[in-house]
Amino acid sequence: MTTTPPDPPHRPYLGAIDRTDRKKGRYELTSFFATPGALDGLLCDIVGHFSGKLPRVDAIVGLDALGFVVAGGLSALTGKPAILARKGGKLALADEDKASTGAFADYAVGREGAKALEIRRDLVRQGMRVIVVDEWIDTGTQMTAVVRLLESLGTEVVGIGTLHLSRSGRSAAADALWRDYDVFAANRSDEVQAQYEKEDEDRAGVTRPASSAA
Ligand SMILES: O=P(O)(O)OC[C@H]1O[C@H](OP(=O)(O)OP(=O)(O)O)[C@H](O)[C@@H]1O
Ligand SMILES: Nc1ncnc2[nH]cnc12
C-alpha cells in the first residue's frame with residue numbers, strides 16, 4: 001500500500017506537485033502552476049528566504065522553461081529584471097552576442113541527448129549579483145552549468161531558489177550546490193524524498209535489495 005508522507009505544514013503548496021506518475025523520468029509539473037496559490041506560496045517563500053539579500057540583488061536568472069515562470073513571478077514581485085537562460089539555439093542572436101554553457105548531460109540525456117543553455121551577453125555585467133531560479137533541480141547539471149557560466153562572466157551568484165533540490169546522496173552536483181550556495185529549496189527533506197522515491201519505484205515495479213530499501 002502506498003503511504004504518502006505529510007507535507008511540511010508551512011508549505012502546503014508542495015501538495016500541488018502531481019506525483020501520481022513519473023513517466024519520461026520526471027513528474028509533470030504544469031498542474032503545479034495551475035493550482036491556485038501554489039506558485040504564490042513558492043514565490044513568497046523564496047522572497048522571504050532572500051529578504052536580507054534582495055536589496056543588493058541586481059537580477060533574477062531563470063532556466064528554460066519552467067524556471068521562467070518562477071523568474072518572471074519573482075521579477076514582478078521584487079522589481080528586479082529577469083534574465084532568461086534559454087535552451088541552446090533559441091536566442092535569435094549571433095554567436096558572439098550570446099554566452100553558452102556548452103553541452104551538458106542532464107537527467108534526460110538518454111532520451112534527449114545533450115543540451116546547452118544560453119544567455120544574452122549584454123544582459124550580464126561584471127560584478128552583478130544574481131539569484132538563479134528553476135522549478136526543479138534533479139541531478140543539478142543544468143543549474144550547475146548556468147551558475148558556472150554566470151560566474152565565468154563575472155557575476156556573483158548570491159542565491160538559488162527552487163521547488164525541489166534532490167536529497168543528499170542522490171547527486172554529487174546537487175549536493176555541491178546545497179553545500180556551496182545559499183539555496184532555498186522548498187522540498188529538500190531527505191526523509192520525504194526517500195519515501196517518494198520508494199513509491200515511484202514501487203509503481204514502476206522495481207525490486208530493491210533489502211539493504212537499499214529506504
Ligand atoms: O537537475 P537536472 O538533472 O539538470 O534537471 C533539472 C532540469 O530539468 C528540467 O528541465 P527540462 O530540460 O526537462 O526542461 P523544461 O523546463 O522545459 O521542462 C527541469 O525543469 C530543470 O530545469
Ligand atoms: N519535473 C521533474 N520531476 C522529476 N525529476 C525531474 N528531473 C528533471 N525535471 C524533473
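Trainee: Which residues are around ligand 2?

Mentor: They are Arg26, Tyr27, Leu29, Tyr107, Trp136 and Asp138. A residue is near a molecule if its C-beta atom, placed from the backbone, lies within 6 Å of it. Some ground rules: this is a predicted model, where local features need pLDDT of at least 70, side-chain atom pairs count only at pLDDT 80 or more, and totals for chains, interfaces and linings use all residues. Residues are numbered from 1 along each chain as its sequence is written, and chains are lettered from A and ligands numbered from 1 in the order in which they are written.

Trainee: How does the shell around ligand 2 divide by class?

Mentor: Four residues are nonpolar, none is polar and two are charged. Ala, Val, Leu, Ile, Met, Phe, Trp, Tyr, Cys and Pro count as nonpolar; Asp, Glu, Lys and Arg as charged; the others, Gly among them, as polar.

Trainee: What makes up the shell around ligand 1?

Mentor: There are 17 residues, and the closest are Ala65, Asp106, Tyr107, Thr139 and Gln142. Helix H3 (66–78), strand E5 (129–137) and helix H5 (141–152) each give two or more residues. E5 has the largest share, with four. Helices (H or I, at least four residues) and strands (E, at least two) are DSSP runs, numbered from the N terminus.

Trainee: Why is Trp136 called buried?

Mentor: The cut-off is 20 or more other C-beta atoms within 10 Å of its own; 12 or fewer is exposed, in between is partly exposed, and C-beta atoms are placed from the backbone. Trp136 has 23, so it is buried. Trp136 is in strand E5. Leaving aside neighbours within four places in sequence, Trp136 is in contact (C-beta atoms, placed from the backbone, within 7 Å) with Leu29, Thr162, Leu163 and His164.

Trainee: Which residues of H3 are buried, and why are they said to line one face?

Mentor: They are Gly67, Val70, Ala71, Gly73, Leu74 and Thr78.

Trainee: What joins Asp64 and Ala65?

Mentor: A cis peptide bond, with omega about 0 degrees. Most peptide bonds are trans. Ala65 is in the loop between E1 and H3.

Definitions and conventions. Contact = placed C-beta atoms within 7 Å.
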